[in-house]
Amino acid sequence: ISLIAGGVAFANVEGEGRAEPADAESRFDLFSTRKAALAPPDGPAQRIRMVFEQAQRGLVVGAPVDMLGIQIGKVRSVRLMNQLGSDKFPVEMTADLYLERLGAVRSTFKVAADAEQRADALFLKRLVDAGMRAQVRTGNLLTGQLYVALDFPNKVEKATLDASAQPPTIPSIRGTLADLQPQLAEIVLAGVRVLARLQDVLDRHQAAQLEVAVHHPHPLDALP
């Protein structure tokens, strides 16, 4: 019946051991998938801000944010900024990060008791000081879907993060798509040139066959 009408499934999380019996009238959160139900708790969300100088077509609300291959959040908003005195319109986006998904990398970072409310922001500040930057990357060349990667590229300009800002801004660098587009354009142009040469060879071949057929005593016999 549950296969047709749906139902609620219960399971024990592996490695959690036995839990205390729930109190009467306790409330339990329901998850849409088994994967979401068994995933480690996300903890509180840390809102961040990022600004990119290039257009980010394909980056939409809900796009993933990952750090070294681990998805730790998602994009919350994307909008253009209007800079006074400039003809450029940078892309500003915000995202929610769930840093507890980093496990021990985050849990071993300790702050003073009076700074506990800014612990996640201070953790991000340490990462930025160590070279972490935000970068938009291509997730799928066919669909053009983009995602935000928090990574540690080589040779970046020094930058920091204001942990007291609401929300704090993670410095960004040029996206890989901006570097990839000229290469793709060159590949397409090279393909067009090859097709043009091939068409020229075929035209010459057909012209030669037509010339032979015209001067042949039996034109129909000369055609392939």
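Six helices and six strands make up the chain, and in this predicted model their order from the N terminus is α-α-β-β-β-β-α-α-β-β-α-α. Of the 224 residues in the chain, 25% are buried. Among contacts between residues at least 6 apart in sequence, 59% join residues at least 24 apart. The chain exposes about 16,800 Å², of which carbon and sulfur atoms supply 56%.

In soluble globular proteins, nonpolar side chains tend to be buried together. Here the largest nonpolar core has 32 residues, and the members that touch the most others are Met50, Leu97, Leu150 and Ile170. Two or more residues of this core come from each of S1, strand S2 (64–67), strand S3 (70–80), S4, helix H4 (119–129), strand S5 (133–140) and strand S6 (145–151). The element that gives the most to the core is H4, with six residues.

Because eight of its 11 residues are buried, H4 is largely enclosed by the rest of the structure. The buried residues of the helix are Ala119, Asp120, Ala121, Leu122, Phe123, Leu124, Leu127 and Val128, and they pack against S1, S2, S4, helix H3 (104–107) and S5. After H4 comes Gly131, which has a positive phi near 115°.

Strand S1 (residues 46–52) is mostly covered as well, with five of its seven residues buried. S1 runs antiparallel to strand S4 (residues 91–97), and seven bridges join the two; within this pairing, Phe52 stands opposite Val91 in S4. Apart from neighbours within four places in sequence, Met50 is in contact with Val91, Glu92, Met93, Ala95, Ala134, Val148 and Ile170.

| Arg79 | Glu92 | 2.6 Å |

The salt bridge of Arg79 with Glu92 links distant parts of the chain, with Arg79 in strand S3 and Glu92 in strand S4, 13 residues apart. Arg79 counts as partly exposed because its relative accessibility is 48%, whereas Glu92, at 10%, counts as buried. Arg47, Arg76 and Asp96, in turn, are linked in a network of salt bridges.

Val8 lies in the loop between helix H1 (2–5) and helix H2 (34–38), and it counts as exposed because its relative accessibility is 53%. Ser32 lies in the loop between H1 and H2 and, at 75% relative accessibility, is also exposed. Although Ser32 and Val8 are 24 residues apart along the chain, their C-alpha atoms are separated by 10.0 Å.

Note on methods:
Residues numbered from 1 in each chain as written. Predicted model: local features only at pLDDT ≥ 70, side-chain atom pairs only at ≥ 80, totals over all residues. Heavy atoms only, no water. Helix = DSSP H or I, 4+ residues; strand = E, 2+ residues; numbered from the N terminus. Buried < 20%, exposed > 50% of the residue type's maximum accessible area, 1.4 Å probe, protein only. Pairing = 2+ DSSP bridges. Contact = heavy atoms within 4.5 Å. Areas by Shrake-Rupley, 256 points an atom, 1.4 Å probe, with all protein chains shown as cover. Core = buried A, V, L, I, M, F, W, Y, C linked by side-chain atoms within 4.5 Å. Salt bridge = Lys/Arg side-chain N within 4 Å of Asp/Glu carboxyl O.
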